[in-house]
Amino acid sequence: MKKYLAVCVMFFLGLAMLAACSSGNPPEGVDADAAETTAKEVIGTMNAKDYEALTALFREDLQPLVPADAWAEQIDPTLDTFGAFESYGEVSYVDKGNTDYGHLFSTVVVCNYENNTVTIEVVMDTDMAVTGLSFLQVR
């Protein structure tokens, strides 16, 4: 139960932080290409349903909060409704500023699936370590 709560907390933390502040660029000193590459690696790993690898992409201190079996239980049914992944769309950034987890920003990626277009947020610190992942909008 604790692991499912952790996944939900990470989701809602990311959603709340996205709503709180917004900008089109990553924070100063962060390479936009590297941020996009990292975000797409996270999304690709999620799409492949390789949840052990997905957990390993998270910052080390957060990995116990996002165990592979929690990802499988929470994300598999959702991914199945999306259908096959087709392509990436627009990429934007949200600087979340300083938080209890360090200076964070989001790379927000529009992803086109067979049945839906989904906006996915990958939250990172300025060292490019992943701290969150959430679905923001499904169309």
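Two residues are in contact here when they have heavy atoms within 4.5 Å of each other. By that rule, and leaving out residues up to four places away in sequence, Thr 81 touches Asn 115 and Asn 116. Bear in mind that this is a predicted model, where local features need pLDDT of at least 70, side-chain atom pairs count only at pLDDT 80 or more, and totals for chains, interfaces and linings use all residues. Residues are numbered from 1 along each chain as its sequence is written, and side-chain values use heavy atoms, with hydrogens and water left out.

**Around Thr 81**

- Thr 81 sits in helix H4, residues 68-82 (helices are DSSP runs of H or I with at least four residues, strands are E runs of at least two, and both are numbered from the N terminus).
- With a relative accessible area of 49%, Thr 81 is partly exposed (buried is under 20%, exposed is over 50%, and partly exposed is in between, using a 1.4 Å probe and protein chains only).
- Tyr 113 is 32 residues from Thr 81 in sequence, yet their C-alpha atoms are 9.5 Å apart in space.

**Aromatic pairs**

- The whole structure has five aromatic pairs (rings of Phe, Tyr and Trp, the last by its six-membered ring, pair if their centres lie within 6.5 Å; planes under 30 degrees apart are stacked, over 60 edge-to-face, and the rest tilted).
- One of them is Phe 58 with Trp 71, a tilted pair at 5.6 Å centre to centre and 40° between the planes.
- That pair ties together distant parts of the chain, 13 residues apart: Phe 58 is in the loop between helix H3 (51-57) and H4, while Trp 71 is in H4 itself.
- Phe 58 is buried at 3% relative accessible area, and Trp 71 is buried at 3% too.
- Phe 85 and Tyr 113 make an edge-to-face pair, 5.4 Å centre to centre with 75° between the planes.
- Phe 85 is partly exposed at 30%, whereas Tyr 113 is buried at 4%.
- Phe 82, Phe 85, Tyr 88, Tyr 113 and Phe 135 form one aromatic cluster.

**The nonpolar core**

- The largest nonpolar core has 27 residues, and Ile 43, Met 46, Trp 71, Tyr 113, Ile 120, Val 122 and Leu 133 touch the most other members (a core is a set of buried Ala, Val, Leu, Ile, Met, Phe, Trp, Tyr and Cys residues joined through side-chain atoms within 4.5 Å).
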